[in-house]
Amino acid sequence: MIQVENLSKKFGNILAVDNVSFEIKDGSIFGFLGPNGAGKTTTIRMLSTLIKPTSGNVIIDGRELSKNGEYIRSILGILTETPGMYEKISAIENLKFFSGFYGLQEKKRKQNIEKYLKLFDLWDRRDDLVSIYSKGMKQKLAIARTLIHEPKILYLDEPTAALDPESAFMVRNFIENQKNEKTTVFLCTHNLEEASNLSDVVCIIKNRIIKISTLDDLQRSKKGKKIEIVFNQPAVRYAGILRDFTEIIDLEVKEDKINFSMENPEKINPVIIKKLVDSGAEIVYFNEIKASLEEIYLDLIRS
Amino acid sequence: MKNALKIFKKEIKEVLKNRAIWLPILAVSIMFSVIFPGIITFTLDSFTKDPDTASFVARIFLNTGNLQVAMMQFIIKQFMIFLLLIPAMLPSLIAPASIVLEKESNTLEPLIATPIKTSELLLGKTLTSMIPSFTITLINFVMITIVIDVLGYMKFKMLLLPTIEWFVVTFLLSPILSFIITMISIIISSKSTDIRSAQGLGAAVIFPIYAIIGAQIGGLFLLNVRYLLLGCLVLALVCPLVLRLAIRVFDRENILTKWKMK
């Protein structure tokens with residue numbers, strides 16, 4: 001488990017991270033979202049012992065961060081936003097070099113290197129210099145490097161950036177499978193679809209935490225629910241009826257559909273349906289559309 | 001120590017592949033260890049024919065009784081200072097390059113994110129500069145000794161090298177100097193964003209060596225064992241200061257937040 005209490009980081013006069021607190025359960029995927037400059041990378045660096053917090057406490061795997069830097073780094077796998085590799089040596093030499101710091105048995109190290117190079121389709125190119133690798137191959141190699149010592153905790157900063165769709169799909173599946181391996185994943189991503197599909201809990205940060213919740217709770221808490229009505233006729237005929245309802249906002253008419261938002265639709269929906277049917281509307285579907293993570297995120301960030 | 005050696009082994013392979021580093025060193029070594037001593041020993045007569053030079057050398061090396069031997073001893077003292085060029089040049093080429101390259105290729109952060117201690121990383125980088133530097137200094141020491149002794153014996157029927165001064169320069173002064181230059185190069189390279197500026201600034205660090213060479217050739221002073229040991233003592237006192245500064249600069253947080261990286 002990762003327990004973060006009142007974590008702050010100041011660089012001179014700039015408060016990069018402001019009093020952040022959260023808990024991440026073992027084996028869960030924690031989505032960490034925020035705009036550029038929100039403090040995501042600073043938070044990851046503090047949790048990786050790379051920089052010291054200005055204040056606050058962090059407990060990782062039952063150990064205090066400030067006193068157990070070496071141990072904590074040994075159980076972490078960190079994929080930075082721009083992960084570099086040594087380009088003048090081969091892929092396999094890169095992995096041998098980095099994995100050498102984790103105290104793995106030689107046999108296990110070799111097995112893991114082979115396992116992850118094969119998983120990311122790099123085994124046949126293992127002896128090639130990294131300088132001739134494509135951007136996507138370097139990213140996959142960097143991910144392999146992050147996993148080689150089978151860390152308990154993964155910090156992944158934009159793991160599917162620069163990957164082709166097939167590789168990105170493979171990495172996402174791999175991340176999801178980490179739950180079965182009881183590996184804790186701290187996922188920083190700008191890909192909101194990825195975050196919503198993978199994360200058990202989503203945390204939205206803009207120097208301080210704006211919201212931290214499961215996706216379901218976020219969707220439920222969103223003010224105003226979106227409704228879609230599909231007609232068997234041109235929908236524009238019935239737009240006027242709906243405009244009479246003052247509770248309805250953001251009305252959109254598209255061919256045979258009308259979308260709108262309102263609070264407490266449970267109370268108004270029966271009245272709306274009755275009025276539409278009485279005026280001759282043939283309703284094919286009447287659906288609630290759950291707010292996407294993108295909508296929720298943008299609402300929260302902008303507010 | 002194991003982790004420091006891992007860093008050293010990886011980096012020394014890269015240094016050996018980098019012709020821009022070892023070719024100039026090889027050229028300087030051959031020039032100052034073989035070619036110049038050889039030429040000078042062969043053409044010694046032309047030096048002793050100059051009356052001013054002859055009387056200057058005779059005054060300094062009163063006990064030799066042989067002007068040519070005295071001239072040879074004077075020239076050996078000049079070469080002794082050139083021997084310090086290698087432990088000064090090589091670290092100023094290797095240390096900045098190794099750190100700036102890590103910055104340029106974004107490998108510093110993944111490296112310091114491993115369990116390696118900062119002191120092990122610093123030690124590994126220091127060994128990468130110091131071990132080749134000391135090795136080449138030793139090889140140069142042996143080469144000059146062989147060239148001068150072989151040619152000198154043919155001329156004077158006596159062996160002129162090694163002297164106590166040469167032992168002090170090779171085994172005391174050059175490792176201390178190499179360590180200080182490495183630490184200064186690390187400090188300089190923390191502020192640099194590209195190899196050229198790092199190596200340019202690193203090259204400036206060896207200007208004091210050139211100044212000593214110039215001062216001795218110009219006759220301002222002549223280094224002897226006493227001066228050399230004094231120099232070793234002064235530089236040894238400087239070592240912990242530069243080490244402390246280098247450790248402060250080579251700190252994880254400094255590296256990530258203050259060193260400019262791509």
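Domain bounds, as used here, come from an automatic or database domain assignment. In this predicted model, that assignment divides chain A into domain 1, residues 2–219, and domain 2, residues 223–302. The centres of the two domains, taken over C-alpha atoms, are separated by 41 Å. Where the domains of chain A touch, domain 1 contributes 13 residues and domain 2 contributes eight residues. On the side of domain 1, at least two residues each are supplied by helix H7 (192–198), strand S9 (201–206), strand S10 (208–213) and helix H8 (215–221) of chain A. Sorted by class, this side of domain 1 holds nine nonpolar, two polar and two charged residues.

Chain A also meets chain B. The contact draws 24 residues from chain A and 20 residues from chain B. On the side of chain A, the elements that give two or more residues are helix H2 (69–74) and helix H3 (91–99). H2(A) provides the largest share of that side, namely three residues. The residues of chain A that form this side comprise eleven nonpolar, six polar and seven charged.

Attention may now turn to chain B itself. Chain B has 13 helices and zero strands, and an α element therefore stands at every position when its elements are read from the N terminus, because only runs of helix or strand are numbered as elements. Along its principal axes, the C-alpha trace of chain B spans about 65 × 35 × 30 Å. Of the 262 residues in chain B, 38% are buried. Among the contacts in chain B with a separation of 6 or more, 83% are accounted for by residues 24 or more positions apart.

How are two packed helices described? The description uses the angle between their axes and the distance between the axes. In chain B, helix H6 (residues 85–104) packs against helix H8 (residues 118–156) at an angle of about 155°, and their axes are 9 Å apart. Angles over 145 degrees count as roughly antiparallel, and H6(B) is therefore roughly antiparallel to H8(B). The crossing in which H6(B) passes H8(B) is right-handed. From H6(B), the residues that make the contact include Ile86(B), Leu90(B), Ile94(B) and Ser98(B). From H8(B), those taking part include Lys125(B), Met130(B), Phe134(B), Ile136(B) and Asn140(B). By class, the contact of H6(B) with H8(B) consists of eleven nonpolar, six polar and one charged residues.

H6(B) has a further partner in helix H9 (residues 164–191) of chain B. At what angle do the axes of H6(B) and H9(B) cross? They cross at roughly 30° and come within 8 Å. Angles under 35 degrees count as roughly parallel, and H6(B) and H9(B) are therefore roughly parallel to each other. The crossing of H6(B) and H9(B) is right-handed. The contact of H6(B) with H9(B) contains eleven nonpolar, seven polar and no charged residues.

Conventions: Residues numbered from 1 in each chain as written. Chains lettered and ligands numbered in written order. Predicted model: local features only at pLDDT ≥ 70, side-chain atom pairs only at ≥ 80, totals over all residues. Axes fitted to C-alpha atoms, helices over the stretch in contact; angles between N-to-C directions. Helix = DSSP H or I, 4+ residues; strand = E, 2+ residues; numbered from the N terminus. Parallel < 35°, antiparallel > 145°, perpendicular 65-115°, else oblique. Left-handed = near helix turned anticlockwise from the far one by under 90°. Contact = placed C-beta atoms within 7 Å. Nonpolar A, V, L, I, M, F, W, Y, C, P; charged D, E, K, R; others polar. Buried ≥ 20, exposed ≤ 12 C-beta atoms within 10 Å, placed from the backbone.
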